[in-house]
Amino acid sequence: MELNIKKIKEQALKEIEEIKNSQDWEDIRNKYFSRKSGELSKLLKDVKEVSSDLKPKLGALANEIKSDITNALDKKKSEISQDDPKVEKDFIDVTLEVEKYKLGHLHPVTQVQTELEEIFKSLGFVILDGPEIESDYYNFETLNIPDWHPARDMQDTFFIEAKDKLVLRTHTSPVQVRAMQKYGAPLRCVVPGRVFRNEATDASHDHTFYQLEGLMIGENISITNLVAVMKELLSGIFKREVTVRLRPGYFPFVEPGFELDIKCLICAGKGCSVCKQTGWLELLPCGMVHPNVLKYSGIDSKKYNGFAFGLGLTRLVMMKYGIDDIRLLQSGDMRFLNQF
Ligand code: FA5
């Protein structure tokens, strides 16, 4: 048996030496190590059967040639894998860069909205929300615009055919009243949101756009507070000096009311289609909350007063990034959106 073991070793090493490719390698490995019919596997089984006085010597010899053959096979494998086409095909280069998941990103309006929310949170304002489908009552009545009031013409409205008078809200101002009814005074809140108007669209007017309402109610609030908050808002967003002008403006829900216009950043005030050749763009109407609105909201107007503003958020985004047509923002055009 000893002779037989040595013969198997010699034969195996010779055959391993002649291996040319991975298929040969597999065949030889099976020839010797296949569990059922492998020559070496059979030999190891036979060694188990020999008499106990021969077992230690033959067992050690059989294990020795098993490890010699295994080593020779391992060595051969690394040699042939260098130029074996099959191995090449199976080869995976783990250092290759895989195609990255293309994650989307926030829409520029959402990005600016988030920045504004951070600015206002730092000033102690809470962020609130309100319904986009709004009642005529909150959208107009409670804001001191009864249905006979000519100021209704200022905002072309999408009315909804329903028993209750419903509209797509034309501004975020109805949330002023909802917030005061819910939280009372004192109160500091901002309300970012989508609004709708029946507009003939142009470079600075869309039918669907975003506003950010601001409201501060307390004791002895003045126009100085209003101006300070608006300055903070603009410097926080533009991070540089921008030219603005404050002029009287009429809104039935504030008294006095103002329009804050920004010098057009698309044309540097020279005149373009965005600012309708005027050099200025209406951005931030505001004023002191009208006592009638406080009354509708259940706030004691003798004790409390406050200011409100209605930032044209979509227009602010246009000014911040130099976008010369508002309609691009809702076009869904990836060539445009990928720039932000
Ligand atoms: C209002 O909507 C008032 N609710 C704002 C307000 C709130 C005044 C609180 C006083 C106190 P106005 O209709 O002007 O106001 O709209 C506000 C801003 O929204 C405008 O200055 C402008 O920046 C923007 N805006 C108005 N219409 C459009 C439109 N069609 N497309 C894009 N932005 C618009």
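A crossing is left-handed if the near helix is turned anticlockwise from the far one by less than a right angle, and right-handed if clockwise. The model is predicted: local features need pLDDT of at least 70, side-chain atom pairs count only at pLDDT 80 or more, and totals for chains, interfaces and linings use all residues. Residues are numbered from 1 along each chain as its sequence is written, and side-chain values use heavy atoms, without hydrogens and water.

**View A. Helix 3 against helix 4.** Helix 3 (residues 39–49) and helix 4 (residues 55–80) have axes that come within 9 Å and cross at roughly 165°. That makes the two helices roughly antiparallel (angles over 145 degrees; under 35 is roughly parallel, 65 to 115 roughly perpendicular, the rest oblique). Their crossing is left-handed. Axes are lines fitted to C-alpha atoms, for helices over the stretch in contact, and angles run from 0 to 180 degrees between N-to-C directions. Helices (H or I, at least four residues) and strands (E, at least two) are DSSP runs, numbered from the N terminus. Helix 3 brings Leu-40, Leu-43, Leu-44, Val-47 and Lys-48 to the contact (heavy atoms within 4.5 Å). Helix 4 answers with Lys-55, Leu-58, Gly-59, Ala-62, Asn-63, Ile-65, Lys-66 and Ile-69. The contact residues divide into 8 nonpolar, 2 polar and 3 charged. Here Ala, Val, Leu, Ile, Met, Phe, Trp, Tyr, Cys and Pro count as nonpolar, Asp, Glu, Lys and Arg as charged, and the others, Gly among them, as polar.

**View B. Helix 1 against helix 3.** The axes of helix 1 (residues 2–17) and helix 3 come within 11 Å and cross at roughly 165°. The pair is therefore roughly antiparallel. This crossing is left-handed. Asn-4, Ile-5, Ile-8 and Gln-11 of helix 1 meet Glu-39, Leu-40 and Leu-43 of helix 3. The count is 4 nonpolar, 2 polar and 1 charged.

View C. Two strands pair if DSSP finds at least two bridges between them. Strand 3 is joined to strand 4 (residues 166–168) by 2 bridges. Phe-159 faces Val-167 of strand 4.

**View D. Phe-196 in strand 5.** Phe-196 belongs to strand 5 (residues 187–196). Phe-196 is buried, at 10% relative accessible area (buried is under 20%, exposed over 50%, partly exposed in between; 1.4 Å probe, protein chains only). Beyond four places in sequence, Phe-196 contacts Glu-132, Asp-156, Phe-158, Leu-168, Arg-169, Thr-170, His-207 and Thr-208. Its C-alpha atom is 4.6 Å from that of Thr-208, 12 residues apart along the chain.

**View E. Helix 11 and its surroundings.** In helix 11 (residues 313–321), 7 of the 9 residues are buried, so the helix is largely enclosed by the rest of the structure. Those buried are Leu-313, Thr-314, Arg-315, Leu-316, Val-317, Met-318 and Met-319. They pack against helix 6 (108–122), strand 6 (208–218), helix 9 (223–238), strand 8 (254–263), strand 9 (280–282) and strand 11 (305–312).

**View F. Gln-113 in helix 6.** Gln-113 lies in helix 6. Gln-113 is buried, with a relative accessible area of 19%. Setting aside residues up to four places away in sequence, Gln-113 touches Pro-192 and Leu-313.
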